[in-house]
Amino acid sequence: MRQPLLILVLAALLATSLPSRAEPIVPTRDDEVVDVLPAIKGGRAEERRLRQQLAQQPRDPALAVGVAQRYLAQAHELGDPRFAGMAMAALSGWTDATTMPDEVLLMRATLQQYLHEFDASAASLQQLLGRSSGPARPQAWLTLATVRRVQGRYAESDAAARLVARAGVALHAQACLAENAALRGEVASARTTFKALLADPRHPAATRAWLTTSLAELEQRAGSASAADTAYQAALKLDDDGYTTLAYADFLIEQKRPAQALALLKTQVRSDAVLLRLAIAGTQAGASTAAADAAEMRERIALANERPDAQVFHGREQAMFALAVDRDAKRAWELARGNVVRQREPLDLLVLAQAARAQRDPAAVQEARRVTNDIGLRDQRIEGVL
Amino acid sequence: VNTVLRLLMVFAFAVFAAGAHAHKASDSYLQLDAGDKSLNVRWDIALRDLDAALILDANDDGRLTWAEVKAAWPRIETYAMARLTIAGCPLRLSSTALERRNDGAYAVMFLTSDCALAASPTITYSLLREIDPTHRGIAKIQRAGQPTVLSMLDPAHAATDAAAAAVPQAPTAAGGFVREGVLHILTGYDHVLFLLCLLLPSVMRRTPAGWRPVDTLAQAVWPVIGIVSAFTVAHSITLALAATQVVSLSPAFIEPAIAVTIILAALDNVWPIFPVRRVVVTFCFGLIHGFGFAGVLAELNLPTADFAWALLQFNVGLELGQLLIVVSVTALLFLLRQRSQYRGLVIRGGSMAAMVVGALWLIERTANVAILPM
C-alpha cells in the first residue's frame, strides 16, 4: 500500500472515531470567548440597524430587498446557507406571492434558485411575468432562462431568453441563447457569438468576465483544453469571482493538474464547495493536506446529513466526494442520480456519467446516457466517459 | 517513525479543522427520551442562531464572551421555552450547559416532564421562525426497546405530528405506489411492446390455413383474459420474490432477456415456433418481466415497515395500467380485424417491427451502446 493512501485511510478512521458530539464548554473566566460569529460585510452594527428598521417597516419593498440582497451576497461569499435563510426572512412581510411587489417576488425567486428550489423559483418568476408590465421583467426572464437551463430544460430556457431580447436587453439575450446553443453542441456558432460580444469594448469588466467564463466552459465541454485554459485565465484576470475560480479548479483537476488547482484554491474562503475541491485535488496530487481536508469535508457532510433533505442542496458535492475521494462508486451513483432529478448542469451529468462508469454497471451507463440525451446536452467529457 | 510523525500532523490538522466553522443550514437538535411516566428532553440551539434572534453579542465585536452569554441566558430560556410545546407534556427546565459542535457553540437545555409521551406526539415548534424560514428542528425520539424515530420540525408549520413527520417517510402518500405502478407499465416501453405482441393475434384464431378473424368478441376476450392472467400471475410471483430478495438476478441478464421475450413473441405471430400453448409461454416470459419490474421497485425505496402493503400497491398499479392497455388495444384490434390488410399489415408488419425493436434493444443491452432514442 502506498503511504499517502495509508495515511488517508488511517485519518479517515480517526475522523470517524472522533465523537461528532463534541465536548462541553466549561468557561472559567468572564472574558473567555465561547464562539466567534461570522464576519458581516459593512459591520455588525450596520446590519443590526437595518434589521431593526426592517422590523419597524416590514413591508417596505426597497428596504426588504436591500436587506435580502446583503444577506444573499454574504451567503455567496462565505458559502453559508444560513444567510440565504435570513435573506428569505427579510421578505416575510409578504406571505402571499400574489400580493408581493415585483422586486420582492424577483428577490424571492433568486433566493429559491440559490436554495436549489428550482421549481418554486420558476413558479415565482412566472407569477411575476404574468403581471402586465414592470421594470423587473427583463431580469425575471433572464433568471427564468437560467433556472430552466440549470434544470436541463433548454427549449424553455431559449423561450425565456428570446423574451429577454424583446425586453430590450440584447447582450444578455444573445449570450443566453449562445450558452444554450453551446450546451446543445452548436459550438462553432456559439463561440462566434461570444467572441463577437467580447469584441465590443463598451462592456464593463464584470460583463466581459462573465462572457469569458462562458466561453471557457464552452471550450472545456468541446474538449479544447488549451483554449479553455486561456479563457479561464483571462476571465479570472478580469474578475476573480468564486464561480469562475471553482470552475477553473474543476478544469485543472480534470486536466490532472492538481498542484495548480490547490494553489488556486488555497486563498479562497473554505466553503463546502472550495473544501471539496481541495480534498479532491489533494487526493489526486497525494498532497500532505489531503487527508485533513478530506476528513473535514467528510465531517461536514455527516453533519449536513443529519437533516434528511440535505442531499437536495448537497447532492452534487456529496457525489463528487464519494467518487473522487472515497472511491465509493455505488454511493456516488445513488447521490448523482438523486441530484440530477433537480439539477442538470453539465457538471451534474458528468458526475452521473463518471459514477455510472465507475460502477461498471451497463444499466447505469445506459441510464446516464439516456438522461444526457433527454436533455440534449453535448459534452465531449461525458461522451468520453460513456 | 516518519509515518507516525505524519500521522500526528494529520491528527493535529483534523482537530484544528474541526474548530473552524462548517457551513450548514441552521438546525437545532432535540433528543426526546420517553419513559413510562417521564419525558426527558435535551435541546441544543446554536449560539449563532440565538444571536440573530436576541443579540447576544452586546458589544458588536463578533466574539461571544462567556459574560455576554451569561447575561443573555434568561432571555435565551424565555425565548426558547415559548417556542416548544409537546402536547400533554408540560416542560420545565432542569439544567443548562454549553457545548461545542463542529459548526460552533450551542446552548443546551435539559427539560423534563412527568408525562407519558403519546404514541404520535404533537410537537409545536416555532424557534427562529421570524429569523430563518429554512431553520429546522431535528428531533430524535427514543423509547425503551424501540427504534429511534427521527422527525423534522418546521417552524412554519404550527404543529408537527411527530409520527407523520417521521423520516424516512414513504416517498409518496397513500396510493402513491399505485401511481408508480401505473406509470411504470405505461412508460415501460419494453413491457408494453411485449403485451402488444401477445395481443396482436388475439382477434384472430390460428387455423391450418393461417390466421382467420374471430366471429364474436367473446372469442377474442377469453384468450386475452387467459394470456393476461398468465402474465400477471407470473410477474407477480417474480416481483414478490425479487422484492423480498429471496431471488435476485442481475439486470445485466434480465434486461436483455426481456428483449428476447419480445423477439420470440413477435416471431411466433409470424411463424409458429412455440411447441406449447401461448398461455404457457406467456407465463414463462412473465416470470422474466417480473424481475424487470423489481428493478424499478428498488429505486422507489419502499418503506420497510409497510413493505408488503407498498409492494401490493405497486403491483395493483401495474395491473391497472396493463388493463388499460389491454382493453383499449383489444377493442381497437377487434374493430379492425375484418380489414383485408389486418393479417399482412397489423400482425405481420407489427410483429416484424416489434422484432426489429426487440433486436435493437437486445444489442443495446448486451453491447452497452445507444441506438434507439428511448
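User: How long should helix α3 of chain A be, and what is the distance between its end C-alpha atoms?

Analyst: In this predicted model, helix α3 (residues 61-78) of chain A has 18 residues that should span 26 Å at 1.5 Å a residue, and its end C-alpha atoms are 26 Å apart, which agrees. The expected span is 1.5 Å times one less than the number of residues, and helices (H or I, at least four residues) and strands (E, at least two) are DSSP runs numbered from the N terminus.

User: What should I know about the numbering and the cut-offs behind the model?

Analyst: Residues are numbered from 1 along each chain as its sequence is written, while chains are lettered from A and ligands numbered from 1 in the order in which they are written. Because this is a predicted model, local features need pLDDT of at least 70 and side-chain atom pairs count only at pLDDT 80 or more, whereas totals for chains, interfaces and linings use all residues, and side-chain values use heavy atoms, with hydrogens and water left out.

User: Back to α3(A), which of its residues are buried?

Analyst: Among them are A:Leu63, A:Val67, A:Tyr71 and A:Leu78, where buried means under 20% relative accessible area, exposed means over 50%, and partly exposed lies in between (1.4 Å probe, protein chains only). The cover over the buried residues of α3(A) includes α2 (44-56), α4 (81-90) and α5 (102-114) of chain A.

User: What happens at the start of α3(A), and what comes just after?

Analyst: At the start of α3(A), a side-chain oxygen of A:Asp60 comes within 3.1 Å of the backbone nitrogen of A:Ala62. Just after α3(A), A:Gly79 has a positive phi of about 60°.

User: And what does α12(A) pack against?

Analyst: Helix α12 (residues 225-238) of chain A has 14 residues and reaches 20 Å from its first C-alpha to its last, close to the 20 Å expected. Its buried residues, including A:Ala228 and A:Tyr232, pack against α11 (205-221), α13 (242-254) and α14 (258-265) of chain A.

User: Where is A:Ser214, and which residues does it contact?

Analyst: A:Ser214 is in helix α11 of chain A, and it counts as buried because its relative accessibility is 7%. Leaving aside neighbours within four places in sequence, A:Ser214 is in contact (heavy atoms within 4.5 Å) with A:Glu179 and A:Phe194. A:Ser214 and A:Glu179 are 35 residues apart in sequence and 7.1 Å apart in space, C-alpha to C-alpha.

User: Is A:Arg381 buried or exposed?

Analyst: A:Arg381, which lies in helix α21 (residues 380-385) of chain A, counts as buried because its relative accessibility is 16%. The side chains of A:Arg381 and A:Glu254 are joined by a polar contact of 2.8 Å, meaning a pair of N or O atoms within 3.5 Å; within protein, one must be able to donate a hydrogen and the other to accept it, and residues adjacent in sequence count only if both atoms are side-chain atoms.

User: Switching to chain B, how many helices and strands are there?

Analyst: Chain B has 10 helices and 13 strands, and of its 374 residues 47% count as buried. Among the contacts in chain B with a separation of 6 or more, 68% come from residues 24 or more positions apart.

User: Why does B:Ile237 count as partly exposed?

Analyst: B:Ile237, in helix α6 of chain B, counts as partly exposed because its relative accessibility is 37%.
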